[in-house]
Amino acid sequence: MKLKYYSILLALTLLMTNLFSQDKPSLSITIDDPTTESTAGYDWKYKDSAILNTLDKYGIIAALFVCGKRINREEGNKLLENWNNKNHLICNHSYSHSYFHSSKISLTDFEEDFLVCDSIIRKFSNYTKLFRFPYLKEGNTIEKRDGFRNFLSVLKYKTGCVTIDASDWYIDGRMRDTLKSNPGADLAAYKEYYLNHIYDRAVYYNNLSRKLTGRNIKHTLLLHHNLLNAMFLGDLIEMFMQKGWEKINASDAFTDEIYNTAPDILPAGESLIWAIAKQSGKYENSLRYPGEDGEYEVAPFNEFIKSYKK
Ligand SMILES: [Zn+2]
């Protein structure tokens, strides 16, 4: 009798835990464009180990989207080895980082470029067949869009979609400009703008995804291999945890069925959530194009920095 009582209690606890965890938004981390270039006086090794150590500290497996031309040298190979040894997913982000919507880039050009990157990363044990389109641009014509989707599926690759798109790269650029002229600058304002910006985008895409799917999807956040994340990624993860988000591994996130969606829109691409919303036709008044861009951040960023100093 007692045993029965305990099993009912256990079942209820499991049910509650399950319900509770489903109620939480979840977040995985994806990092694009690793480089071995030093920046604003910081060696790439500083930047690289800071990001890796942060992921390690929080026990997070990320997905690294490799653009071949940025790492195609001895040191680049070392960088990829470091990530591979920490079990992060080593994924394809093309060789040349071309703008697929350009009329100068044909389907064949884009396929050949993809294959060059694939040949660089495939030797790693954590090589994962996920492809992220540069600038999240998935084709400006049906021929290019569907041609490349078909090409990926023949090679058993999937699109490494982003659900939470953001402009960390823009804030990083502004911070590096400041550091170049003043290496000892106080970076508190940059950190705060970065945390606010990423959280704002996460809430926006999470709300939109809940409206579109009626559930909490497993998110993929777009970040870059830059100085900003070397310095503040830990603060970002802490913030999400404090706000009740669950941190998950990228390998887990990409199992969500939402990543099998291939929205029927042209031009194709942007955040997957943006694209699904666009396809629905219900958000014509609220969707901007592109979904995210540095130009949207210029005025609010300048305003923020100005008022921060006062
Ligand atoms: Zn990129």
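Tutor: This is a predicted model. Rings of Phe, Tyr and Trp (its six-membered ring) pair if their centres lie within 6.5 Å.

Student: By this rule, how many aromatic pairs does the count come to?

Tutor: A pair of aromatic rings is described by the distance of the centres and the angle of the planes. The pairing rule uses the centres, with a limit of 6.5 Å. Applied here, it gives a count of 27 aromatic pairs.

Student: Take tyrosine 170 and phenylalanine 301. Is the pair stacked or edge-to-face?

Tutor: The ring centres are 5.9 Å apart, and the planes stand at 85 degrees. Planes over 60 degrees apart count as edge-to-face. The angle is 85 degrees, so the pair of tyrosine 170 and phenylalanine 301 is edge-to-face.

Student: How many residues apart in sequence are the parts that this pair ties together?

Tutor: Tyrosine 170 belongs to helix 7 (residues 168-181). Phenylalanine 301 belongs to helix 12 (residues 294-309). The pair therefore ties together parts whose separation in sequence is 131 residues.

Student: Is phenylalanine 301 buried or exposed?

Tutor: Buried means under 20% relative accessible area. Phenylalanine 301 has 1% relative accessibility, so it counts as buried.

Student: Now tyrosine 204 and tyrosine 205, an aromatic pair. Which counts as buried?

Tutor: Their geometry is edge-to-face, with 4.8 Å centre to centre and 80 degrees between the planes. Tyrosine 204 has 27% relative accessibility and counts as partly exposed. At 0%, the one that counts as buried is tyrosine 205.

Student: Which charged end sits over the ring of tyrosine 296?

Tutor: Over the ring of tyrosine 199 sits the charged end of lysine 243, 4.6 Å from the ring centre. For tyrosine 296 the distance to the ring centre is 3.8 Å, and the charged end belongs to arginine 288.

Student: Which residues coordinate the zinc ion?

Tutor: The donors follow the spacing D-x59-H-x3-H along the chain. Aspartate 33 lies in the loop between strand 1 (26-32) and helix 2 (44-57), and histidine 93 in the loop between strand 3 (89-92) and helix 5 (107-121). Both aspartate 33 and histidine 93 are buried. At 2.1 Å, the zinc ion is coordinated by Asp33 (OD), His93 (NE2) and His97 (NE2).

Student: Is helix 2 roughly parallel or roughly antiparallel to helix 4?

Tutor: The two axes come within 11 Å and cross at roughly 10 degrees. Contacting residues include Trp44 and Leu52 in helix 2, and Leu79 and Trp83 in helix 4. Angles under 35 degrees count as roughly parallel. The crossing therefore makes helix 2, relative to helix 4, roughly parallel.

Methods: Residues are numbered from 1 along each chain as its sequence is written. This is a predicted model: local features need pLDDT of at least 70, side-chain atom pairs count only at pLDDT 80 or more; totals for chains, interfaces and linings use all residues. Side-chain values use heavy atoms; hydrogens and water are left out. Rings of Phe, Tyr and Trp (its six-membered ring) pair if their centres lie within 6.5 Å; planes under 30 degrees apart count as stacked, over 60 as edge-to-face and the rest as tilted. Helices (H or I, at least four residues) and strands (E, at least two) are DSSP runs, numbered from the N terminus. Buried means under 20% relative accessible area, exposed over 50%, partly exposed in between (1.4 Å probe, protein chains only). A charge sits over a ring if NZ of Lys or CZ of Arg is within 6 Å of the ring centre and within 35 degrees of the ring normal. Donors are N, O and S atoms within 2.8 Å of the metal (3.2 Å for Na, K and Ca); water is not among the atoms, so sites may look incomplete. Axes are lines fitted to C-alpha atoms, for helices over the stretch in contact, and angles run from 0 to 180 degrees between N-to-C directions. Angles under 35 degrees count as roughly parallel, over 145 as roughly antiparallel, 65 to 115 as roughly perpendicular and the rest as oblique. Contact means heavy atoms within 4.5 Å.
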